[in-house]
Amino acid sequence: MEAPPVTMMPVTGGTINMMEYLLQGSVLDHSLESLIHRLRGLCDNMEPETFLDHEMVFLLKGQQASPFVLRARRSMDRTGAPWHLRYLGQPEMGDKNRHALVRNCVDIATSENLTDFLMEMGFRMDHEFVAKGHLFRKGIMKIVVYKIFRILVPGNTDSTEALSLSYLVELSVVAPAGQDMVSDDMRNFAEQLKPLVHLEKIDPKRLM
Amino acid sequence: MSGGGGPCSALWEGLRVLFVCGSRSVFGFSRVLRGSPISGLQPRCPYCLPGFSVGAGVLRTPPACLGCELCGSASSRPARSRSRRWAWMALRRTCSHCPCRRTWRVWHSELTSAKVRAPRRRRRRGPTAMRRTGRAPGLARTRTTRKNPQTLQLISKKKSLAGAAQILLKGAERLTKSVTENQENKLQRDFNSELLRLRQHWKLRKVGDKILGDLSYRSAGSLFPHHGTFEVIKNTDIDLDKKIPEDYCPLDVQIPSDLEGSAYIKVSIQKQAPDIGDLGTVNLFKRPLPKSKPGSPHWQTKLEAAQNVLLCKEIFAQLSREAVQIKSQIPHIVVKNQIISQPFPSLQLSISLCHSSNDKKSQKSSTEKQSPEDHLYVLEHNLHLLIREFHKQTLSSIMMPHPASAPFGHKRMRLSGPQAFDKNEINSIQSSEGLLEKIIKQAKHIFLRSRTAATIDSLASRIEDPQIQAHWSNINDVYESSVKVLITSQGYEQICKSIQLQLNIGVEQIRVVHRDGRVITLSHQEQELQDFLLSQMSQHQVHAVQQLAKVMGWQVLSFSNHVGLGPIESIGNASAITVASPSGDYAISVRNGPESGSKVMVQFPRNQCKDLPKSDVLQDSKWNHLRGPFREVQWNKMEGRNFVYKMELLMSALSPCLL
């Protein structure tokens, strides 16, 4: 049986054509406190929130060389929140004028039977992990500081193991395509976090 | 050699400078001078005083021993008088804790060197010469004195004194410098402490070599695009020599030019529509600038004023945006600094932004046009409350997304897809009433309330009988208030309590709740309420007769609130009652209409009617007790201050005394 045709082109037009601007960095565990303290001072005047998410990455392999990747994520500490399905496009490094990594992004809230639906569609789960950390916001910027945990037994989120001794720091903005101005704001914000953490645009291709 | 021209004049100058500098350490010198005025025209030193011999001189009049010559303490060693070296020992008569002992020593050593040279010369010249050089008045002076050694001595003395003076001058200079530096440091410290105080109240950040502050409401949830940045300036360039003004502050703030001056939002309701030419020409009334609170620094007042201007601008910008977006039956007009809306026909609500900068032009224009005070302060205050509520809403509506990768937004909105919300549910999430809609509703309510009050008051003053009383509730909602209306007759409040109305004044209409539970809804039209109250007042009179009949023991024969007979009233219906006397001989019939007024008729027994034709049917005398025809009472000629009192008199006149 042939795999269902899947368009590799992202959906464009309307409000769906959103881009994610991203800067990444990491801090060691012992510097987390000071980073959180700094972020509390810099970000919007809200109580800092923690999160505990479970993310599953699904692949759909068609005739094309690169598989189609979808990320399904659910909150483990908040009941009643919808699942989140996310498509992320190929990251573009851009030139020096753009200070953040840009990738196409489609966000959608779904019901909890998402995994079954994806499996039915022909997707296969590639890997899964648990992310636990802190969430901040400043205007439209979202700052997530989290640790990634490996799941020891597939499907069982209770037995996990930390992947590293550091926390991942991500500064992201989801904005309509072409608004490169936001990357300037992000750069300014990242400057204020130095030297606690150096947020840079990291090309995932180089890491592979 | 006393006086300003002496060799110690430079030394003296040094001392004087030290003294003027205010250093405590110099003060000891004044005692050496034995009270001679230090800043006087003729500075004198102990060595120039008559009777003193400086250098090789012989001392004739030793000064009295007064303890420490520098600080005046008595603990010092007494001077060895009669000694040849008295002058030097006298100078040493200082206590160990004298503050200027060091300076004194330096001075002393200089003088000692001068003195040491003198005996050498003396030895060279011999005892005669020594005697001749003395300057004490008792010594005989000879013409044969060799002038050369004397000149030499003078020169050496002058040199020594000049050296001592040099040291003193240097010290004085250093003191002057340190005093100036102290003052500068103090100013710097003041700036830093002021900056610290500023930081306690305002957000500051350093950009390059500037200190910038933020006076916008953005951190409180405002979305107004104005940056609201002010700059902190160091205000230390003042002349230290001149007198420092009282309100001097080493820290100053520079606010953006468009936020200078004072501003406020003016809300007013006008009855008639103005000419189209008058639109957008609202001028600022002269309003004194808010006085700074005692104790609060100058910059605080300045920043607060600027923040107020910013908030007023934000309110106005928000209102104008809504005025353009909202589609209403009568479109809102936005002209220049004014928004005009029509809440009710022939009534206009105007909201204007008055901003005065401190320049003379605006002040001039403000004095030209002094309009009457038609401010609706409540609404102006409420606008400020509403915008703050709006700010809070923007802050609180921001929910952190869960899972963390999800975009920001309302949680219910995100649930709308998975839970398949229908259009109504989605609309209910999205709909939110704007600032303008809320304020128009409030204005409508305020207007309706004031008009209701005016209607009741005018009726109460116009109509004396029956009386109308209004009891307003003190605590109201912004969209609803209530008033209790009682219609009574004077002197009969206890028995005539039939009409009690509760008026609930809303935004568009007035709901009247009757005592018996009937609910009547009146529109915003003034006439409706007036007619309703008039008909109620007319009914009250008939009700009062009914109550009175009960008290007086009369019988109610018939009662009707709405009589179908007689002339038609333009307002409501007439009501009527017929009561019979306890004996049944007499009957009173009252018809009261809101427009036609009251008409009272009395029915007499047939036997009292003389002009009644004899009927063939009613032969028996018992029929004479039947009541005959009605006769109208000339009510306005009746005695009594009001309707019920007159009725009471009438009833008592018609009921025979049983005793």
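Let me open with a question: is Arg98 of chain A buried or exposed? Arg98(A) comes out at 14% relative accessibility, and that counts as buried. Keep in mind throughout that this is a predicted model.

So who does that arginine pair with? Arg98(A) makes a salt bridge with Asp180(A), and the closest N and O atoms are 3.8 Å apart. Asp180(A) sits in the loop between β9 (166-176) and α3 (181-193) of chain A, while Arg98(A) is in the loop between β4 (83-88) and β5 (101-110), so the pair ties together parts that are 82 residues apart in sequence.

Okay, other salt bridges. Searching the whole structure over all chains turns up 18 of them. One is between Arg78(A) and Asp77(A), at 4.0 Å, N to O. Arg78(A) is partly exposed at 33% relative accessibility, and Asp77(A) is also at 33%, partly exposed again. Then there's Lys194(A) with Glu191(A), where the N to O distance is 3.2 Å. For accessibility, Lys194(A) is at 35%, partly exposed, and Glu191(A) is at 41%, also partly exposed. And chain A has a network, too: Glu20(A), Arg86(A), Arg103(A) and Asp107(A) are linked by salt bridges.

Now over to chain B, and helix α12. This one covers residues 526-552, 27 residues in total. From first C-alpha to last, α12(B) reaches 39 Å, close to the 39 Å expected at 1.5 Å a residue. Of those 27 residues, 19 are buried, so α12(B) is largely enclosed by the rest of the structure. What follows the helix? Gly553(B) does, with a positive phi near 80 degrees.

Last topic, the interface. How many salt bridges does the rule find across the interface of chain B and chain A? The answer is 0. There are polar contacts, though: 5 residue pairs, both residues at pLDDT 80 or more. On the chain B side that touches chain A, the residues split by class into 10 nonpolar, 2 polar and 2 charged. In terms of area, the two chains bury about 1,900 Å² between them, with 67% of it on carbon and sulfur atoms. The contact draws 29 residues from chain A and 14 from chain B.

To wrap up, I'd go back to where we started: a buried Arg98(A), paired with Asp180(A), and tying together parts of chain A that are 82 residues apart in sequence. That's it from me.

Conventions. Residues numbered from 1 in each chain as written. Chains lettered and ligands numbered in written order. Predicted model: local features only at pLDDT ≥ 70, side-chain atom pairs only at ≥ 80, totals over all residues. Heavy atoms only, no water. Helix = DSSP H or I, 4+ residues; strand = E, 2+ residues; numbered from the N terminus. Expected span 1.5 Å × (residues − 1). Buried < 20%, exposed > 50% of the residue type's maximum accessible area, 1.4 Å probe, protein only. Salt bridge = Lys/Arg side-chain N within 4 Å of Asp/Glu carboxyl O. Contact = heavy atoms within 4.5 Å. Buried area = accessible area lost by both parts, 1.4 Å probe. Polar contact = N/O pair within 3.5 Å; in protein donor to acceptor, adjacent residues only side chain to side chain. Nonpolar A, V, L, I, M, F, W, Y, C, P; charged D, E, K, R; others polar.
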